[in-house]
Structures are given as C-alpha cells and as structure tokens.
Amino acid sequence: MDYRTEAPPILRDFLVYHETIQAHSKKTVDEYFLDLRSFFRYLKLERRLVPADTPLDQVSIADVDLDLVRSVTITDVYAYMSYLTRDRANRPNSPDTGYGLAASSRARKIATIRSFYKYLANKAKLITENPMQDLDSPRLRKSLPHYLDLEESLELLDSVDGKNQSRDYCILTLFLNCGLRISELVGLNTTDVRGDQLRVLGKGNKERMLYLNDACQSALSDWMTERSAMTLLDKNALFVTPQNRKRISKAAVHKLVKKHLSAAGLDTTQYSSHKLRHTAATLMLQNGVDVRTLQEVLGHDHLNTTQIYTHISNENLQDAAKANPLGAVKKRGRPKKEQEE
C-alpha cells in the first residue's frame, strides 16, 4: 500500500503534509490514509454513489474530490461511527469475527477525520469553515495500567540467568529505569549511548535525551564488553541476537521478557514489555518525580497521556483514610439526663 499512488489528490496532499511537515512516521501516515479511505468508502455507499451491493473494501475512492469532501456534515460522521459500533467486522478474515470496533479504534478514526478537516480549513484554505470543529470523540473507559511494584521488579531482575544474561539484564534494566517503548529499545544504536546519556528516537522521529543512572550504566558496560567480542553483521545495533548476529527484533524482546517474567514467578498474561514502561513511570512518580518531568522522560506529546500514571495505590488510599483526625472517633453516648427526657 502506497498512499502516494492510491490516494486522490485532496487526501494525498494532507498525508504528504503530515509526513513531511509534521514529521509523522510512515506507519502513522499510512493509518491516516486507511482511516480516511474507510470513511469515504462508507460515504459513497450511503449516498448511492456506487452500486448498493458493492463490498466496502472494493469501493474506489479515486474520484473523491473537494466537492464531496465539502458536502460532508458532522451528522455523516456520527452515522459512520454508528456503523463502526454496530456493523463493522473487527476481524473480517477470522472465523471468530465479531462486529463493532472498540471505542479506542473509533476515537482514532474520529481524530483522523477531525485532523483532515482542520488541515483543509487552516492550512490548505480550501474550506472557509471547519464542519468538524465540534466533532466529539467516543467516551473512553479509563483503566489503570498494570505495573510491577518495587519488590516484583527486583525479583524480575534477579531472575535473569543463563544464555544472553548480560544482554537480557541490560534490556530489562533500561525498560524499568528509562520507561522505553519497545520500538525505541530495538532501534537503539551503539552511538546512542553517550556517557551518562542515552539518545532515544521516539514516535514521529522525535529525539530526546535521557540520563542514565548507575544501574543502567553498569548494565550497559557489561553488555558492551560482551558485545565487543562478537562478530556481528549489524555493527550499529546496540542489542543483537547472537544466532543471526543482527539487530534484535520486537518479537525476540517480547519473548525474552515473557521468559524472565515466568522465571520470576510473575503472571505473563498480565505483564509484558509495555507493562515494564508502566512500571518505570509508576515507580518514578511514587518516588517524587513530578508529572511534567515524567512527560519528558516518556516522550509524551501531551500531559494528559502522562497523567494516566498518577494513579494511587490502595495502600495510599488506606493511609489517607487513617490520616483523617476523625478516623478514630467513636460514637459518644448522650448524657443520661437527656436520654430520660
């Protein structure tokens, strides 16, 4: 799939803007294209611009132009959301196909449509008013992220043994101390380690510098010593797989994380490499790091993304209840004379 050849000009210009000016990743821009393609396919079917029996995935959007785009109303988008909620197959090629996309998936599609019309109004100046300015997103249920507590984190690190010990220990140490995304970790090069700093390339090719504490520096030193003795095909990659001597894959990292979680006696259905990012964020907050600093460490664009980590443990809630000076007050009986009256 290449939007540069498949998208009509009005969509292509929007996608090029995000890839070249906004510096969004190819994957993100491809997702924008898929979201817009799905919406305009639905719109053409609803307006009978193609035969009614045309399967959605066979509707061409090559003729989508400014006139069609201009004619879209906020009601059209809410009708599309209703279709996604009730009728859209969520696993069309699976025997276990269900219907209705999750609120998070629908929210992303809403965000894409809103961004497209904002571009048309504010950047391309192709429409005078933005019809999607008041477009609401689906209400998302907020759930607290799973994370390891300090003792469980120590147990995980203590469990690392056997083949690839220094590499695996270093990977887990960076996850737990730096809160890296798995894509950021596998993308690290040896040149990204700069003394007590680590250069990280995050989402949208945004660069940030993280400071390495003593634990990270020690683990990196041990791994770099072992790595230097290897004959590697990929001489740049920081983390490699000894068997093929190339950059480690995301699948390999997921596998090693599950392996060591299991060795530590932790539930591998509840925890994963991304949960180690949650763990790092939670431990930092619990130990005095303010939320804005954490936002920089994690590479979040928006503060509200970081604020999911400001959850409070049950123990903290219990302590808060006990701290209330009225917490120990018992019911006092009324004076006998009052009771007789």
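Is D158 buried or exposed? I looked this up before anything else. D158 counts as exposed, because its relative accessibility is 66% and the cut-off for exposed is over 50%. I keep in mind that this is a predicted model.

**Entry: the charged patch**
I placed D158 in helix α7, which covers residues 150-158. I then looked at its partners. D158 forms a negative surface patch together with D149, E151 and E155.

**Entry: cysteines**
How many disulfides does the structure hold? I found zero. A disulfide needs two cysteine sulfur atoms within 2.5 Å. For C178, the closest cysteine sulfur is in C216, at 4.0 Å, so it is too far for a bond. For C170, the closest cysteine sulfur is also in C216, and at 7.6 Å that is too far for a bond. I checked burial as well. C170 is buried, at 0% relative accessibility. C178 is buried too, with a relative accessible area of 3%.

**Entry: positive phi angles**
I noted N164 next. Its phi is near 65°, a positive value, and N164 is not a glycine. I found N164 in the loop between α7 and α8, where α8 spans 165-178. N164 counts as buried because its relative accessibility is 15%, and the buried class lies under 20%.

I also noted R245. This residue is not a glycine, yet it has a positive phi of about 60°. Where does R245 lie? I located it in the loop between β4 (240-241) and β5 (246-247). R245 is partly exposed, because its relative accessible area is 33%.

Definitions and conventions
Residues are numbered from 1 along each chain as its sequence is written. This is a predicted model: local features need pLDDT of at least 70, side-chain atom pairs count only at pLDDT 80 or more; totals for chains, interfaces and linings use all residues. Side-chain values use heavy atoms; hydrogens and water are left out. Patches are made of residues with over 30% relative accessible area and no salt bridge: like charges are joined within 9 Å, nonpolar side chains (Val, Leu, Ile, Met, Phe, Trp, Tyr) within 5 Å. Accessible areas come from the Shrake-Rupley method with a 1.4 Å probe; for residues, only the protein chains shown count as cover. A salt bridge is a side-chain nitrogen of Lys or Arg within 4 Å of a carboxyl oxygen of Asp or Glu. Lys and Arg count as positive and Asp and Glu as negative; His and the chain ends are not counted. The place of a charge is taken as NZ of Lys, CZ of Arg, CG of Asp or CD of Glu. Helices (H or I, at least four residues) and strands (E, at least two) are DSSP runs, numbered from the N terminus. Buried means under 20% relative accessible area, exposed over 50%, partly exposed in between (1.4 Å probe, protein chains only).
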